[in-house]
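Student: I've got a model open here and I'd like to talk through its pockets and cores. Can we take them one at a time?

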Amino acid sequence: MPAPSTVLLTGAAGGLGTLMQNLLPAFGYELRLLDLRPIEGDPDAVTVDLADKDAVREAVRGVDAIIHLAGISLEAPFEKILQANIVGTYNLYEAAREEGITRIVFASSNHAVGFTPRPQGDDPLIPVDTPRRPDTFYGLSKSFGEDLAQFYWDKHGIETVSVRIGSCFPEPTSVRMLSVWMSPADGARLFHAALTAEGVGHTVVHGSSANTRLWWDLTSARALGYEPQDDSEPWAEKLIAEQGELDPDNEAHAYLGGHFVTDPPIWPY
Ligand code: NAI
Ligand code: 15L
């Protein structure tokens, strides 16, 4: 598929959105930025709540593809998650259908499958078709987003790559993250592959760098043309010295979702 030239980046004011604003233009994309919060320095950025159907439709008009990052990114009461992540993602897909946009990259999360036991010892890597096991209402909304994407492919021919992102931050900050970290540069590589691969239908991929301590399988991501370049291992010695090895008897260390299964961080707004 030829690279889409104009891409709507929802959630552009967030942590990942800010990183992607800086990294994606190098792949040749012109970004249209969208967020609930105003974005300084870009007069063309649109300040829109995904709850506002008409505004969302106007925001998607004329773009070639969408990277959908906007939403509540931590645990929250169900009613809040319902509006931002479930209704908001539905509004975006409806707008895409109405405006004829046929490629979306959806920021899913490891927390859609967070109650999957993490591999230990010689256990195999977690496959991408592992059953959904959300660890929070937040993870449940990502599971819904993946089903929504499948439905819009089957029913309306809108293609989506659902990227179950591990932890995408400038550097890993916990021992768990050594296994699920995705460097921002690899994140941009994966989003580019997800925007340009041919015939994806609805494809689910794991979003990580090529970490030495990887917990999940990257085969479906590599099949899109993604070639991760980074590895969290240079941070391993320091993080393990500070925090200790993961303890198999500690519930918060036993699952892919880590502390989200026991004590999830709460959305502050
Ligand atoms: P973030 O919380 O920093 O950014 C989310 C952005 O969405 C914020 O700027 C917020 O204002 C915006 N937003 C929230 N509700 C909205 C609404 N109703 N309408 C319009 N905008 C709205 O989160 P982060 O870390 O940048 O993550 C981006 C996406 O990637 C999220 O969907 C998150 O669930 C997903 N993700 C991120 C991971 C990471 O490691 N950063 C890991 C797994 C998934
Ligand atoms: C997520 O889904 C969150 O949005 C992000 O803030 C991190 O907590 C990440 O998962 C993680 O599991 O580290």
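Student: What is the volume of the second largest pocket?
Tutor: Keep in mind that this is a predicted model. Its second largest pocket is lined by Ser174, Val175, Arg176, Gln243, Gly244, Glu245, Leu246, Ala252, His253, Gly258 and His259. That lining divides into three nonpolar, six polar and two charged residues. The volume of this second largest pocket comes to about 150 Å³.

Student: And which element gives the largest share of the lining of the largest pocket?
Tutor: The largest pocket has a volume of about 1,200 Å³, and 44 residues line it, with Leu69, Gly71, Ile72, Ser73 and Trp267 nearest its centre. Two or more lining residues come from each of α1 (15-23), β2 (30-35), α3 (78-99), β5 (103-109) and α4 (137-156). The largest share is four residues, and the element that gives them is α1.

Student: Which element supplies the largest share of the largest nonpolar core?
Tutor: That core has 33 residues, and Leu9, Leu24, Ile67, Val163, Ile165, Phe191 and Leu224 touch the most other members. At least two residues each come from β1 (6-10), α1, β2, β4 (65-68), β5, β6 (159-165) and α6 (184-196). The largest share, six residues, belongs to α6.

Student: How many residues are in the second, separate core?
Tutor: Look for Val56, Val63, Ala96 and Leu148, which are among its members. The count for this separate core is 22 residues.

Note on methods. Residues numbered from 1 in each chain as written. Chains lettered and ligands numbered in written order. Predicted model: local features only at pLDDT ≥ 70, side-chain atom pairs only at ≥ 80, totals over all residues. Heavy atoms only, no water. 1 Å grid on protein atoms, 1.4 Å probe; cavity = no way out; pocket = protein on both sides within 12 Å on 5 of 7 lines; lining within 4 Å. Points joined across faces, edges and corners; volume = space filled by probe spheres on them. Nonpolar A, V, L, I, M, F, W, Y, C, P; charged D, E, K, R; others polar. Core = buried A, V, L, I, M, F, W, Y, C linked by side-chain atoms within 4.5 Å. Buried < 20%, exposed > 50% of the residue type's maximum accessible area, 1.4 Å probe, protein only.
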